[in-house]
Amino acid sequence: MLTLTIDGRDVQAEEGKVILEVARDNGIYIPALCYHEEVAPYGACRLCMVEITRRGRRRLVASCLYPVEEGLVVETNTERVVNDRRTIMELLLARCPDLAAVQDLASKLGVDKTPFRLEDKKCILCGLCVRACEEVVGVSAISLVNRGTNRQVASPFYEAPDACIGCGSCAYICPVDAIGLEDIGDTRTITMPNPRMQKIEFKLKKCSKCGKYWAPEKQLDYIAKKAGLAPEEFDICPDCRD
Ligand code: SF4
Ligand code: FES
(Lines give C-alpha, C1' and ligand atoms only; values in the text may rest on other atoms or scores of the structure.)
(Ligands and ions follow the chains in the order given, each with its own letter.)
Protein backbone atom coordinates (compact mmCIF):
# COMPACT_ATOMS: atom_id res chain seq x y z
CA MET A 1 0.00 0.00 0.00
CA LEU A 2 1.12 3.55 -0.62
CA THR A 3 -0.14 6.94 0.46
CA LEU A 4 -0.98 9.88 -1.76
CA THR A 5 -3.01 13.04 -1.36
CA ILE A 6 -6.15 13.79 -3.33
CA ASP A 7 -7.74 17.20 -2.81
CA GLY A 8 -5.88 17.58 0.46
CA ARG A 9 -6.93 14.18 1.82
CA ASP A 10 -4.42 11.44 2.55
CA VAL A 11 -5.59 8.24 0.90
CA GLN A 12 -4.18 4.73 0.81
CA ALA A 13 -3.91 2.89 -2.50
CA GLU A 14 -2.67 -0.38 -3.88
CA GLU A 15 0.33 -0.07 -6.14
CA GLY A 16 -0.61 -0.43 -9.82
CA LYS A 17 -3.93 1.37 -9.52
CA VAL A 18 -4.53 4.58 -11.48
CA ILE A 19 -5.56 7.90 -9.93
CA LEU A 20 -9.16 7.64 -11.21
CA GLU A 21 -9.71 4.23 -9.56
CA VAL A 22 -8.30 5.41 -6.25
CA ALA A 23 -10.37 8.58 -6.34
CA ARG A 24 -13.51 6.51 -6.97
CA ASP A 25 -12.59 4.08 -4.19
CA ASN A 26 -12.53 7.08 -1.88
CA GLY A 27 -15.75 8.71 -3.09
CA ILE A 28 -13.96 11.53 -4.93
CA TYR A 29 -15.70 12.41 -8.20
CA ILE A 30 -13.72 12.83 -11.41
CA PRO A 31 -15.76 12.94 -14.64
CA ALA A 32 -14.84 10.20 -17.09
CA LEU A 33 -16.50 8.96 -20.26
CA CYS A 34 -14.04 6.54 -21.81
CA TYR A 35 -13.03 4.59 -18.69
CA HIS A 36 -14.43 1.18 -17.69
CA GLU A 37 -12.83 -1.17 -15.19
CA GLU A 38 -13.40 -4.19 -17.47
CA VAL A 39 -11.21 -2.92 -20.32
CA ALA A 40 -7.78 -1.36 -20.71
CA PRO A 41 -7.71 2.43 -20.29
CA TYR A 42 -7.38 4.39 -23.49
CA GLY A 43 -7.31 8.10 -22.58
CA ALA A 44 -9.67 9.22 -25.33
CA CYS A 45 -12.11 11.67 -23.75
CA ARG A 46 -9.63 13.69 -21.63
CA LEU A 47 -12.44 14.58 -19.23
CA CYS A 48 -10.64 12.93 -16.34
CA MET A 49 -7.69 15.34 -16.36
CA VAL A 50 -6.35 16.24 -12.91
CA GLU A 51 -3.41 18.31 -11.78
CA ILE A 52 -0.54 16.50 -10.09
CA THR A 53 2.50 17.76 -8.26
CA ARG A 54 5.56 15.58 -8.52
CA ARG A 55 9.03 16.57 -7.40
CA GLY A 56 7.83 20.17 -7.14
CA ARG A 57 6.45 20.27 -10.71
CA ARG A 58 2.77 20.67 -11.49
CA ARG A 59 1.15 19.28 -14.60
CA LEU A 60 -2.10 17.95 -16.01
CA VAL A 61 -2.45 14.21 -16.52
CA ALA A 62 -5.26 11.87 -17.52
CA SER A 63 -6.26 10.24 -14.22
CA CYS A 64 -7.47 7.05 -15.95
CA LEU A 65 -3.95 6.40 -17.23
CA TYR A 66 -1.69 7.74 -14.50
CA PRO A 67 -0.57 5.19 -11.89
CA VAL A 68 -0.51 6.28 -8.26
CA GLU A 69 2.81 6.84 -6.53
CA GLU A 70 3.93 7.27 -2.95
CA GLY A 71 3.64 10.95 -1.96
CA LEU A 72 1.85 12.02 -5.15
CA VAL A 73 -0.26 15.15 -4.74
CA VAL A 74 -3.42 15.18 -6.86
CA GLU A 75 -5.92 18.01 -7.26
CA THR A 76 -9.14 17.38 -9.10
CA ASN A 77 -10.66 20.86 -9.13
CA THR A 78 -7.99 23.50 -9.73
CA GLU A 79 -8.76 26.41 -12.06
CA ARG A 80 -6.65 24.80 -14.77
CA VAL A 81 -8.51 21.48 -14.44
CA VAL A 82 -11.93 23.11 -14.42
CA ASN A 83 -11.14 25.26 -17.48
CA ASP A 84 -9.71 22.30 -19.36
CA ARG A 85 -12.71 20.14 -18.50
CA ARG A 86 -15.11 22.90 -19.53
CA THR A 87 -13.50 23.21 -22.97
CA ILE A 88 -13.63 19.45 -23.50
CA MET A 89 -17.26 19.37 -22.45
CA GLU A 90 -18.06 22.27 -24.82
CA LEU A 91 -16.41 20.35 -27.66
CA LEU A 92 -18.39 17.22 -26.82
CA LEU A 93 -21.60 19.19 -26.59
CA ALA A 94 -20.91 20.67 -30.03
CA ARG A 95 -20.16 17.25 -31.49
CA CYS A 96 -23.18 15.47 -30.00
CA PRO A 97 -25.72 18.14 -28.95
CA ASP A 98 -28.65 15.69 -28.99
CA LEU A 99 -27.24 12.96 -26.77
CA ALA A 100 -28.94 12.95 -23.37
CA ALA A 101 -25.86 11.52 -21.61
CA VAL A 102 -23.68 14.32 -22.98
CA GLN A 103 -26.26 16.97 -22.06
CA ASP A 104 -26.57 15.55 -18.53
CA LEU A 105 -22.83 15.50 -17.92
CA ALA A 106 -22.45 18.99 -19.39
CA SER A 107 -25.09 20.33 -17.06
CA LYS A 108 -23.49 18.53 -14.10
CA LEU A 109 -20.24 20.29 -14.97
CA GLY A 110 -22.00 23.66 -15.35
CA VAL A 111 -21.76 23.80 -19.14
CA ASP A 112 -25.05 24.80 -20.75
CA LYS A 113 -23.88 26.09 -24.13
CA THR A 114 -20.98 25.73 -26.50
CA PRO A 115 -19.08 28.30 -28.57
CA PHE A 116 -18.14 25.62 -31.12
CA ARG A 117 -19.93 24.78 -34.38
CA LEU A 118 -22.76 22.30 -33.83
CA GLU A 119 -22.68 18.88 -35.48
CA ASP A 120 -25.10 16.00 -35.05
CA LYS A 121 -22.84 13.06 -34.30
CA LYS A 122 -24.09 10.19 -32.16
CA CYS A 123 -20.72 8.80 -31.08
CA ILE A 124 -18.13 10.47 -28.83
CA LEU A 125 -15.33 8.15 -30.08
CA CYS A 126 -14.53 6.85 -26.60
CA GLY A 127 -13.60 3.46 -28.03
CA LEU A 128 -15.25 1.50 -25.21
CA CYS A 129 -17.32 -0.61 -27.63
CA VAL A 130 -14.22 -1.51 -29.62
CA ARG A 131 -12.24 -2.46 -26.52
CA ALA A 132 -15.12 -4.51 -25.06
CA CYS A 133 -15.54 -6.38 -28.35
CA GLU A 134 -11.85 -7.16 -28.50
CA GLU A 135 -10.87 -7.64 -24.86
CA VAL A 136 -14.02 -8.99 -23.21
CA VAL A 137 -15.79 -10.85 -26.02
CA GLY A 138 -12.67 -11.65 -28.01
CA VAL A 139 -14.03 -11.16 -31.52
CA SER A 140 -12.89 -7.66 -32.70
CA ALA A 141 -15.88 -7.16 -34.98
CA ILE A 142 -15.59 -3.35 -34.96
CA SER A 143 -12.77 -0.83 -34.77
CA LEU A 144 -12.06 2.89 -34.77
CA VAL A 145 -11.11 3.82 -38.33
CA ASN A 146 -9.86 6.92 -40.18
CA ARG A 147 -8.34 10.05 -38.71
CA GLY A 148 -9.40 13.54 -37.70
CA THR A 149 -12.97 14.51 -38.49
CA ASN A 150 -13.51 11.21 -40.33
CA ARG A 151 -12.75 9.12 -37.26
CA GLN A 152 -15.60 6.66 -36.63
CA VAL A 153 -16.54 3.26 -35.27
CA ALA A 154 -16.98 0.85 -38.15
CA SER A 155 -16.82 -2.76 -39.26
CA PRO A 156 -14.60 -3.82 -42.16
CA PHE A 157 -16.00 -2.32 -45.40
CA TYR A 158 -18.94 -1.00 -43.35
CA GLU A 159 -20.67 -4.37 -43.83
CA ALA A 160 -22.40 -6.53 -41.23
CA PRO A 161 -19.28 -8.01 -39.63
CA ASP A 162 -18.92 -11.78 -39.94
CA ALA A 163 -17.15 -11.89 -36.60
CA CYS A 164 -20.01 -10.19 -34.72
CA ILE A 165 -21.96 -12.65 -32.56
CA GLY A 166 -24.73 -10.20 -31.61
CA CYS A 167 -23.95 -10.29 -27.89
CA GLY A 168 -24.63 -6.55 -27.53
CA SER A 169 -21.61 -5.87 -25.28
CA CYS A 170 -20.90 -2.79 -27.39
CA ALA A 171 -24.37 -1.40 -26.69
CA TYR A 172 -24.26 -2.21 -22.98
CA ILE A 173 -20.89 -0.53 -22.44
CA CYS A 174 -21.48 2.60 -24.57
CA PRO A 175 -21.60 5.50 -22.09
CA VAL A 176 -23.88 7.62 -24.28
CA ASP A 177 -26.30 4.95 -25.59
CA ALA A 178 -25.10 5.50 -29.14
CA ILE A 179 -25.57 1.87 -30.18
CA GLY A 180 -29.11 0.64 -30.63
CA LEU A 181 -30.09 -2.86 -29.51
CA GLU A 182 -33.61 -4.17 -29.90
CA ASP A 183 -35.05 -7.66 -29.51
CA ILE A 184 -38.36 -8.03 -31.33
CA GLY A 185 -39.85 -11.50 -31.78
CA ASP A 186 -37.13 -13.83 -32.99
CA THR A 187 -34.77 -11.05 -34.14
CA ARG A 188 -32.15 -8.91 -32.43
CA THR A 189 -31.23 -5.72 -34.29
CA ILE A 190 -28.05 -3.81 -33.54
CA THR A 191 -27.67 -0.30 -34.96
CA MET A 192 -24.21 1.26 -34.99
CA PRO A 193 -23.83 5.07 -34.82
CA ASN A 194 -22.39 5.13 -38.31
CA PRO A 195 -24.68 6.16 -41.17
CA ARG A 196 -22.63 4.07 -43.60
CA MET A 197 -23.46 0.87 -41.72
CA GLN A 198 -26.70 -1.04 -42.15
CA LYS A 199 -28.55 -2.44 -39.15
CA ILE A 200 -27.15 -5.85 -38.14
CA GLU A 201 -29.70 -8.60 -37.52
CA PHE A 202 -29.42 -11.85 -35.55
CA LYS A 203 -31.80 -14.74 -35.15
CA LEU A 204 -32.67 -15.37 -31.51
CA LYS A 205 -32.82 -18.85 -29.97
CA LYS A 206 -36.21 -20.05 -28.70
CA CYS A 207 -36.33 -21.80 -25.32
CA SER A 208 -37.69 -25.30 -25.87
CA LYS A 209 -39.48 -25.16 -22.50
CA CYS A 210 -41.10 -21.71 -22.16
CA GLY A 211 -40.93 -20.61 -25.80
CA LYS A 212 -39.16 -17.31 -25.01
CA TYR A 213 -36.56 -15.98 -27.44
CA TRP A 214 -33.58 -15.38 -25.20
CA ALA A 215 -30.17 -15.01 -26.92
CA PRO A 216 -28.69 -14.79 -30.42
CA GLU A 217 -28.04 -18.24 -31.89
CA LYS A 218 -24.67 -17.02 -33.13
CA GLN A 219 -23.62 -15.97 -29.62
CA LEU A 220 -24.69 -19.33 -28.18
CA ASP A 221 -22.75 -21.22 -30.87
CA TYR A 222 -19.70 -19.10 -30.04
CA ILE A 223 -19.99 -19.85 -26.30
CA ALA A 224 -20.57 -23.56 -26.93
CA LYS A 225 -17.48 -23.77 -29.13
CA LYS A 226 -15.31 -21.84 -26.65
CA ALA A 227 -16.49 -23.84 -23.65
CA GLY A 228 -16.50 -27.19 -25.47
CA LEU A 229 -20.23 -27.68 -24.81
CA ALA A 230 -22.82 -29.35 -27.01
CA PRO A 231 -25.15 -26.82 -28.74
CA GLU A 232 -28.15 -28.62 -27.12
CA GLU A 233 -26.97 -27.29 -23.74
CA PHE A 234 -28.58 -24.02 -24.80
CA ASP A 235 -31.96 -25.40 -25.81
CA ILE A 236 -33.38 -24.17 -22.50
CA CYS A 237 -33.15 -20.56 -21.29
CA PRO A 238 -31.52 -19.69 -17.93
CA ASP A 239 -34.92 -19.02 -16.29
CA CYS A 240 -36.18 -22.54 -17.09
CA ARG A 241 -32.92 -24.13 -16.00
CA ASP A 242 -33.34 -23.13 -12.32
S1 SF4 B 1 -20.37 3.86 -30.10
FE2 SF4 B 1 -20.45 4.41 -27.92
S3 SF4 B 1 -18.89 3.09 -26.97
FE4 SF4 B 1 -18.47 3.08 -29.18
S5 SF4 B 1 -16.96 4.71 -29.48
FE6 SF4 B 1 -18.99 5.61 -29.86
S7 SF4 B 1 -19.60 6.49 -27.88
FE8 SF4 B 1 -17.91 5.05 -27.46
S1 FES C 1 -11.69 8.72 -18.71
FE2 FES C 1 -9.64 9.34 -18.84
S3 FES C 1 -9.40 10.09 -20.82
FE4 FES C 1 -11.48 9.41 -20.75
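Visitor: How many bridges join strand 9 to strand 10?

Guide: Strands of a sheet pair through backbone hydrogen bonds, either parallel or antiparallel. In this predicted model, strand 9 (residues 187–191) and strand 10 (residues 200–206) run antiparallel and are joined by four bridges. Across this pairing, Ile190 stands opposite Ile200 in strand 10. Two strands count as paired if DSSP finds at least two bridges between them; strands (E, at least two residues) and helices (H or I, at least four) are DSSP runs, numbered from the N terminus.

Visitor: In what order do the strands of this open sheet lie?

Guide: The four strands follow the order 8-9-10-11, with antiparallel pairing. Strand 8 (180–184) and strand 11 (213–216) are the edge strands, since each pairs on one side only. From one strand to the next, the twist averages 30°. Helix 6 (residues 217–227) lies across strand 9, strand 10 and strand 11, at about 60° to strand 11. Such angles run from 0 to 180 degrees between N-to-C directions, with axes fitted to C-alpha atoms, for helices over the stretch in contact (heavy atoms within 4.5 Å).

Visitor: Which residues of helix 4 are buried?

Guide: Buried means under 20% relative accessible area, exposed over 50%, and partly exposed in between, with a 1.4 Å probe and protein chains only. In helix 4 (128–137), the buried residues are Leu128, Cys129, Val130, Arg131, Ala132, Cys133 and Val137. Seven of its 10 residues are buried, so helix 4 is largely enclosed by the rest of the structure. Its cover includes strand 6 (143–145), strand 7 (152–154), helix 5 and helix 6. Just after helix 4, Gly138 has a positive phi of about 85°.

Visitor: How much space lies in the largest cavity?

Guide: Rolling a probe the size of a water molecule over the atoms shows where empty space is left. A cavity is a set of points on a 1 Å grid over the protein atoms alone where a 1.4 Å probe fits but cannot get out; lining residues have an atom within 4 Å of a point. The largest holds about 130 Å³, and 16 residues line this cavity, with Cys133, Ala141, Ile142, Cys164 and Cys170 closest to its centre. Volume is the space filled by probe spheres set on the points, which are joined across faces, edges and corners.

Visitor: What conventions apply here?

Guide: Residues are numbered from 1 along each chain as its sequence is written, and chains are lettered from A and ligands numbered from 1 in the order in which they are written. Local features need pLDDT of at least 70, side-chain atom pairs count only at pLDDT 80 or more, and totals for chains, interfaces and linings use all residues, while side-chain values use heavy atoms, leaving out hydrogens and water.

Methods. 1 Å grid on protein atoms, 1.4 Å probe; cavity = no way out; pocket = protein on both sides within 12 Å on 5 of 7 lines; lining within 4 Å.
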